[in-house]
Amino acid sequence: MITLKEALKLNKEELNNFKEELKAKIQARPELNAYIDINNVGEGVPIAIKDNIQVKDWSVTSGSNILQGYIAPYNATVINKMKDAGLSPFGRVNMDEFAMGSTTESSFYGKTQNPHNAEYVPGGSSGGSAAAVGAGLAIAALGSDTGGSIRQPAAFCGIVGMKPTYGRVSRYGLGAYASSLDQIGPMTQNVEDAAILYDIISGFDEKDSTSANKNDKVSDKLDSSRKLKIAVLPKHLDGASEDMKKAYALAIKELKNAGHEIVEHELMDAKFDISAYYITATAEAATNLARYDGIRYGNRVTGKNLEDTFIKTRSNGFGDEVKRRIMLGNFVLSSGYYEAYYVKAQKTRHMIKDQYDKIFVDSDLILSPIAPDIAPKFGELENPMDMYLSDLYSISVNLAGLPAISLPISKGENDMPIGLQLIAKAYDEQTLFDGALSLEKQINNKG
Ligand code: GLN
């Protein structure tokens with residue numbers, strides 16, 4: 001598959017031919033179920049779009065039954081920015097319902113397969129985006145990351161996935177899951193393409209009140225020769241598989257070979273991360289999803305009276321995982337429990353941010369796993385608690401609002417891809433991409 005950088009140089013005719021071929025390739029792999037549909041807007045370079053990002057006049061459903069029939073009335077800001085830069089939305093890709101999940105098993109449209117092996121999940125929730133790029137069925141894709149949903153599927157499918165600093169990319173037109181954590185980001189074949197797509201979609205937007213007033217760009221200044229201080233957290237790996245530990249050791253060796261300085265840090269105290277995340281995310285989700293009642297939004301199922309209509313619409317429209325999270329979220333927000341859960345989770349969030357700040361006193365970047373192991377097989381994370389626990393390495397980055405990028409490092413059991421992530425200070429995407437580019441070069445040259 002040609003890269004985004006190469007595709008941006010094609011002329012109109014070459015692009016049109018390319019799109020015809022791409023369409024045929026996608027249609028030849030229906031079992032993968034990466035795309036929900038193939039739509040093309042405009043004449044630019046085709047980019048696959050996660051089904052929670054609005055493209056005017058497209059169906060947009062967040063992978064849910066409750067949004068069947070909903071047509072986007074306007075473009076998300078990222079879509080307008082893409083169009084201005086010569087890219088065009090091409091195809092809507094699959095995801096876990098309302099971006100809640102780590103496996104892309106909960107979509108209304110069925111499961112997406114991992115392109116490397118059909119027995120394994122592609123990760124989630126941006127599993128369609130990752131599978132499309134990993135299978136050579138997209139040049140690049142947009143995903144969203146609330147607690148790892150860009151970085152983890154990227155790692156499972158052998159591609160690059162980047163979550164920007166909270167506030168860097170406008171959330172206007174993104175279907176909200178947990179508004180204080182959600183960020184849109186690029187999923188690409190390599191680090192340079194991620195930087196290019198990040199530059200295109202980022203920047204201040206007055207339509208998003210949490211948008212940061214920052215417009216600096218990275219791709220023209222990429223410099224893989226910078227020598228950086230990279231923090232490693234050996235004890236943080238206790239919960240990771242042997243394959244993952246080997247990949248971590250390999251990445252450290254290659255970073256040293258590239259001339260970076262490795263700084264060892266003690267364990268991040270991660271024991272509160274899962275609780276803080278699942279309290280915050282479900283509380284915000286319960287609030288955001290209240291609007292899907294069949295009156296304001298959502299596929300109405302008419303009942304005996306208004307209350308019965310709400311109940312029937314929501315019972316019929318939401319899947320099990322979404323219902324579980326709405327119940328959890330309403331519980332932690334309810335009077336009597338609010339202080340004990342929600343308020344405590346917000347304090348924990350500050351604590352997590354402080355831990356990162358301490359590491360960044362003497363380090364430019366942190367090297368961390370993104371998942372405890374390679375992709376799980378279908379059905380392996382059937383118990384919701386097991387699924388939540390598998391987010392151990394991805395969620396603190398969102399709670400602290402930091403930028404991070406996951407990139408392929410090695411292969412594990414059955415030749416399944418293993419990725420690791422680099423994490424940077426807030427708004428230091430330049431260093432994040434410079435370090436990632438250096439590591440990518442080092443890993444690729446090794447053969
Ligand atoms: N797996 C996490 C969750 O289910 C993250 C999802 C995401 O980043 N959208 O909440």
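The side chains of Ser64 and Glu97 are joined by a polar contact of 2.7 Å. The model is predicted, and Ser64 is placed in the loop between β2 (45-50) and α3 (77-84). Two residues that Ser64 touches, Phe98 and Phe318, also form an aromatic pair with each other.

**Surroundings of Ser64**

- Ser64 has a relative accessible area of 0%, so this residue is buried.
- Beyond its neighbours within four places in sequence, Ser64 is in contact with Glu97, Phe98, Phe108, Gly317 and Phe318.

**Aromatic pairs and a charge over a ring**

- There are 15 aromatic pairs in the structure.
- One of them is Phe98 with Phe318: the ring centres are 5.9 Å apart and the planes stand at 65°, so the pair is edge-to-face.
- Phe98 belongs to the loop between β3 (87-93) and α4 (127-134), and Phe318 to the loop between α9 (306-317) and α10 (320-333); the pair therefore ties together parts that are 220 residues apart in sequence.
- Phe98 and Phe318 are both buried.
- Tyr356 and Phe360 make a stacked pair, because their planes are at 20° and their ring centres lie 6.4 Å apart.
- Tyr356 counts as buried at 4% relative accessibility, and Phe360 is buried with a relative accessible area of 8%.
- One aromatic cluster is formed by Tyr70, Phe98, Tyr292, Tyr297 and Phe318.
- Lys214 places its charged end over the ring of Tyr427, at 4.7 Å from the ring centre.

- Strand β9 (residues 365-369) is mostly covered, with 5 of its 5 residues buried.
- Side chains in a regular strand alternate between the two faces of the sheet.
- In β9, Leu365, Leu367 and Pro369 point one way, while Ile366 and Ser368 point the other way; all are buried.
- Gln421 in β11 is the bridge partner of Ser368.

Notes:
Residues numbered from 1 in each chain as written. Predicted model: local features only at pLDDT ≥ 70, side-chain atom pairs only at ≥ 80, totals over all residues. Heavy atoms only, no water. Helix = DSSP H or I, 4+ residues; strand = E, 2+ residues; numbered from the N terminus. Buried < 20%, exposed > 50% of the residue type's maximum accessible area, 1.4 Å probe, protein only. Polar contact = N/O pair within 3.5 Å; in protein donor to acceptor, adjacent residues only side chain to side chain. Contact = heavy atoms within 4.5 Å. Phe/Tyr/Trp six-rings, centres within 6.5 Å; stacked < 30°, edge-to-face > 60°. Lys NZ or Arg CZ within 6 Å of the ring centre and 35° of its normal. Pairing = 2+ DSSP bridges.
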